[in-house]
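Hello,

Here is the structure I promised to hand over. Please have a look, then read my notes below.

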Amino acid sequence: MIVRQLTCRGLTSQLCAAVRLNWSAPKMARPSSNLTEFREHFAKAKHIAIITGAGVSAESGVPTFRGQGGYWRKWQAQVHITQFLPSSREVGYTLLTKCKMPNPAHLAIAECESRLSKQGRSVVIITQNIDELHHSAGSKHVYEIHGSLFKTRCMSCGEVKANHKSPICPALEGKGEPDSSSKDARIPVEHLPRCDRSGCNGLLRPHVVWFGETLDSDILTAVEQELEICDLCLVFNPAAMFASQVAGRGVPVAEFNMECTPATNGAFPLYHFEGPCGVTLTPALERHESEAI
């Protein structure tokens, strides 16, 4: 499987490029926007994979970073593993703590997961997002392939813990507001956040995948297993890196996005629904008339 070889270089763009290079199946016809037809597939599906990216969280106010006006255009958020910019965690954390509420798309996914589980059907969420908004909405079966900004990992002992402190340490007080005119915070290493595990005192880092790092192999193995059994796939761009391998098995794929993408025009989706996810997804996942519960 190609997903085992992926590293976090440019995140979505590189992941998608890697898949496109390995995707040789014949192109399909232009996708349909017929919701009724999609709902027929939805009614029959037993194992639904939902692959989400920044587009799902944008309606909660979470910056997409890459788009027009995105924060990556004016703030160095692309932290490479060879760097350690403690301000980068505070920048992201400050942004996300202002966007705590899941939006209708998150809630629709969580409700669908809960409802279908009572019918012996499964919904799995595979997300690039590090905002934990799927969890906040109530989703249980979530794979965070890029980690979570609300967890820390010790660089010495490797312990991963939830951490919602803001600032994460006193030295980072006031260092979390992104400002294009600001310089990176230069903080003495002895003042950086430390592991509180007995006898450790190692340096803490965000539990997220930085540029140049390999994605977690255990998570990728679990994701591969889910994709091998799913019989319906919903994808929210930019998060299309696994969808083509699913389409290669003949599984229906539905793309939800604010605009058309290269994938829309024949790369893999059978369906394409254009517009805000909170608007398009709710009717797509609501209770089907055939459902007993």
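Start with the loop between strand E3 (142-144) and strand E4 (147-154), because that is where His146 sits. Keep in mind that this is a predicted model. An unreviewed UniProt entry puts the feature "active site" at His146. Is His146 buried or exposed? His146 is buried: its relative accessible area is 5%, and the cut-off for buried is under 20%. The His146 side chain also has a polar atom 3.2 Å from the backbone oxygen of Gln128.

Next, the cysteines. How many disulfides are there? The count is zero. A disulfide needs two cysteine sulfur atoms within 2.5 Å. For Cys154, the closest cysteine sulfur belongs to Cys200, at 3.5 Å, so the pair is too far apart for a bond. For Cys195, the closest cysteine sulfur is again in Cys200, at 3.8 Å, and that is also too far for a bond. Cys154 is buried, with a relative accessible area of 3%. Cys195 is buried as well, at 7%.

Last, Pro104. This residue lies in helix H5, which covers residues 104-117. Pro104 counts as partly exposed, with 45% relative accessibility. That value falls between the cut-offs of 20% and 50%. What does Pro104 touch, leaving aside residues up to four places away in sequence? The contacts are Gly278 and Thr282. Pro276 is 172 residues from Pro104 along the chain, yet their C-alpha atoms are 10.0 Å apart.

Best wishes

Terms used. Residues numbered from 1 in each chain as written. Predicted model: local features only at pLDDT ≥ 70, side-chain atom pairs only at ≥ 80, totals over all residues. Heavy atoms only, no water. UniProt positions renumbered as here; feature names shortened; annotations may be inferred. Helix = DSSP H or I, 4+ residues; strand = E, 2+ residues; numbered from the N terminus. Buried < 20%, exposed > 50% of the residue type's maximum accessible area, 1.4 Å probe, protein only. Polar contact = N/O pair within 3.5 Å; in protein donor to acceptor, adjacent residues only side chain to side chain. Contact = heavy atoms within 4.5 Å.
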